[in-house]
Amino acid sequence: MASLIQLLVSGLATGAIYALIAVGFTLLWQTSQTINFAQGEFVMLPAFFILAAMNWGAPFWLACLIGIALSIAFVGLVFKLIVVDPMLKHGVLPLVISTIALSLFLKEAVKDAYSSQAQPFPALVPSTDIHIFGAVISTQSVAVLAVAIATVVALNLLLNKTRLGRCMQATAQNPTLARILGIPVQRMVLYTFLINAVLVAIASILISPIYLAKFTNGETLGMAAFVAAIIGGFNQVRGAILGGIILGILDNLSAAYLSSQYRGAFPLIILIAVILLRPQGLLGRIEERTV
Amino acid sequence: MNRAGAIAIGIAAVVAIAAPFFLKPFGIFLISMWAVLTIAAIGLNLTLGYAGQISMAQGAFVGIGAYTLALLTQAGVPYPLAFVAAGLLCFAIGWLLGYPALRVQHHYLAFVTLAFTTLVFLFLRNEEWLTNGIYGVNGIMRPTFFGWSTGKAIDFYFFCVGSLTVLSLATWWMLRSPWGRAFVALRENPIRALSLGLDTRRYTLMAFAIGSSLGGLSGALFASLVQFIEPASFGLQRSFDLLLMVIVGGSGYFMGPFVGALISVLLPEWMRITEGYYLIVYAALIMAMMAFCPYGVLGMVERALKAAAVRRDPPTPALQSEAAGS
């Protein structure tokens, strides 16, 4: 029982990080039909911005801010303007290929520019254990959960309670109508890219102390984002959150109780099962066929 | 097929036959690899270029084919039989995989195949009783036909090019058949194809399964060529590489995979001068190509030729050109 609680809490913490990545992924999909195969690398990258800033002598908190700012600049603005915009008129496929190439580019660039070795990354809080009901829970998991929940709540407030957020939702749901109503659609699309950049930067800060910062981190993280987004529902922010959490918990439980060798396989099997039985995802809407 | 195309293919054939006599062993290995990967890329081109579905599983099918050949020949099955089995197994798996994924449209095949590739990799790595895990399979045989042994590099090259010729002619013939016309219809206008009574889902599935079996046959050759296979050769990276080959060559062009595979095999060698930065440059080139010309090299060539033809012979009303000609 105690070990189950431990597994659940650490699974919840990983799942919350997956959820952040998956939410960003679905936001890009909803507003610009971008299937971003470089999403995992986008999470890998800010950790190296932060490490570089710390090598220059910045304290951790400042380095984190610099990392988020650089992430907004590159993963948000530059990605949107240089990679996505020229490609949109060609349809979905070239953009998919381009983001695959981008993921390769980022991986190699980080490997050459920084290091091919895994780098230790400072944790948000000192690592001590809390004892609850006989279970040992690390403060790190708790801190990760707290930050992730705060981020998701802030995002939800932004999307649902502000004028800006509602404009963004309108853009996602029906860009033509949104334009007719006077919403600056292009700017709204850009904002979702910037929000995605912030989300991946936060995810990067949360996950790097656990996995260490390594240029190949994006491979598993990107896959987790896809799986979470599809399980939950490709076109729903809440779906992505649910999918991320299910995935994190499942990942930990299956590694502990079923087979650690096939740890990576269970999410994929669930993915295939969801596509078979409920292709719109657990919480998704069925999208009309575009003719 | 126009005359320029026929001449180009003739020259390419002469080069393909003559090349190994002028090359060092590593060069022969590279052009053999080109022939092998071209077969896999032709298969992927059916899925991507004709049926318009993104598959990330071609690398996994190459892996399944390679392991099928390696394990069957080591169990004493004759080479031709093992070779055919590699193709058939991949056809069957492709059908089973595509069936659920193509039930729903959009990009689900991309995700299902992505998951499938990772699952195959995990299977190859973990099931040591069958695949020997990360240690891989060694000493894979090369075939002998009627006393002609393909053990030497140059002989095996001719076997690879022979297989490529036979398989690409078979694909060419298939694309000219009513089936193939249906594939082209899928690409050009799936909704119209559907309204004309084509069972688009069945044809898409068929294109995917045939493409997968070509991946398997390519894998069988791959195993004999490198004679040592391990799970890491058939991970996502291989699938991405094959996908990029098809795109770079020009997806939907019959000759696209030939060009794409050639670029993908030769470019790393030419770019030795850039040392470690090869992949960065390669990735940047692909992104630039997608932004400016997503139709691949052949698409670019075709546009350039068309533009040149228009310049040489500006379109004039039919009567005037008649008069000018007489």
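Guide: Take helix α5 (residues 139-161) of chain A and helix α8 (residues 185-211) of chain A: their axes come within 11 Å and cross at roughly 170°. Axes here are lines fitted to C-alpha atoms, for helices over the stretch in contact, with angles from 0 to 180 degrees between N-to-C directions; helices are DSSP runs (H or I, at least four residues) numbered from the N terminus. That crossing makes α5(A) roughly antiparallel to α8(A) (angles over 145 degrees count as such). On the α5(A) side, Q140(A), V144(A), V147(A), A148(A) and T151(A) make the contact, and α8(A) brings I202(A), L206(A) and P209(A); contact means C-beta atoms, placed from the backbone, within 7 Å. Those residues split into six nonpolar, two polar and no charged (Ala, Val, Leu, Ile, Met, Phe, Trp, Tyr, Cys and Pro are nonpolar, Asp, Glu, Lys and Arg charged, the others, Gly among them, polar).

This is a predicted model, so local features need pLDDT of at least 70 and side-chain atom pairs 80 or more, while totals for chains, interfaces and linings use all residues. Residues are numbered from 1 along each chain as its sequence is written, and chains are lettered from A, ligands numbered from 1, in the order written.

Over in chain B, the axes of α4(B) and helix α10 (residues 200-226) come within 7 Å and cross at roughly 145°. Among the residues meeting there are F83(B) and W95(B) in α4(B), and F208(B) and L217(B) in α10(B). By class, that contact has 14 nonpolar, eight polar and no charged residues.

Between the chains, 28 residues of chain B touch 32 of chain A. Elements giving two or more residues to chain B's side include α4 (79-101) and α13 (278-292), and that side has 24 nonpolar, four polar and no charged residues.

Key: Parallel < 35°, antiparallel > 145°, perpendicular 65-115°, else oblique. Contact = placed C-beta atoms within 7 Å.
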